[in-house]
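Visitor: Could you walk me through how the inside of this one packs together? I'd like the cut-offs as we go.

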Amino acid sequence: MLSIHHLARDGAVYLVTRLPAGRNNKPEVEVVAFGLEVALGGLLQLAVFIIVAWCLGLVPEMLVALVTMAGYRLPAGGVHCSAYYRCLLLSLLTLILLALLGRELALAAGKYLPVLALAVFVVNLVIARKWAPAAVPAAPIINPRRRSRLKQIAYLWLAGWLLVMLAGFYLQWPPSLLASSLLALVVQGLALTPAGFAVIGRADSLLKRLLPLG
């Protein structure tokens, strides 16, 4: 079966061996392979998300949800699935659900979106204060200064998100986009908590039994 890990490894071996033999500071294959795997995985995920969103007619909502979740995840961290393909599938299902619920929330509570955004902001501040940045065994955060810096960036990101949400409401941006972003932040914030780790862990185990792709 096609594996991004193996493709990245083969590509890294090819790139490193093509460098001059006497070159100083020649990069290790593992380092190059990791970078290639991240890049290939990200491009594949984005392509899959856009294709599925286009087929379902949910492109704006899914992309807004994706940007919100990915943007906040950078400083705040979060739980991962144990395999790339399970992460892709779970992320895709989550984005579809967020986009559909975003449209429903926009219809049901469109005029209350600023109040809801403020409530989500406050709750996420509390979560971030206690759990952000959320590290995982594969990427531990050992340096206290780095942890403090990431927490501060998470606070600033949340403040910026709230300002964008309020500006979008008063500029009359499509309510479904604002609602999808709001719900995406709810999910990403909960993913920092022990309960969020447990839920995603169970979902990962279920997908592993249903689709044992490695």
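Visitor: Which residues does Leu192 touch, leaving out those up to four places away in sequence?

Guide: Quick caveat: this is a predicted model, where local features need pLDDT of at least 70, side-chain atom pairs count only at pLDDT 80 or more, and totals for chains, interfaces and linings use all residues. Numbering runs from 1 along each chain as its sequence is written, and side-chain values use heavy atoms, with hydrogens and water left out. Contact means heavy atoms within 4.5 Å. On that basis, Leu192 touches Tyr72, Ala76, Gly77, Gly78, Ile127, Trp131, Ala132, Ala134 and Phe197.

Visitor: What kind of aromatic pair do Tyr72 and Trp157 form?

Guide: Rings of Phe, Tyr and Trp (its six-membered ring) pair if their centres lie within 6.5 Å; planes under 30 degrees apart are stacked, over 60 edge-to-face, and the rest tilted. Here the centres are 5.2 Å apart with 35 degrees between the planes, so the pair is tilted.

Visitor: Why does that pair tie together parts that are apart in sequence, and how many residues apart are they?

Guide: Helices are DSSP runs (H or I, at least four residues), numbered from the N terminus. Tyr72 sits in helix H3 and Trp157 in helix H6, so the parts tied together are separated in sequence by 85 residues.

Visitor: Is Tyr72 buried or exposed?

Guide: Buried means under 20% relative accessible area, exposed over 50%, and partly exposed in between (1.4 Å probe, protein chains only). Trp157, at 24%, is partly exposed. Tyr72 has a relative accessible area of 0%, so Tyr72 is buried.

Methods. Helix = DSSP H or I, 4+ residues; strand = E, 2+ residues; numbered from the N terminus.
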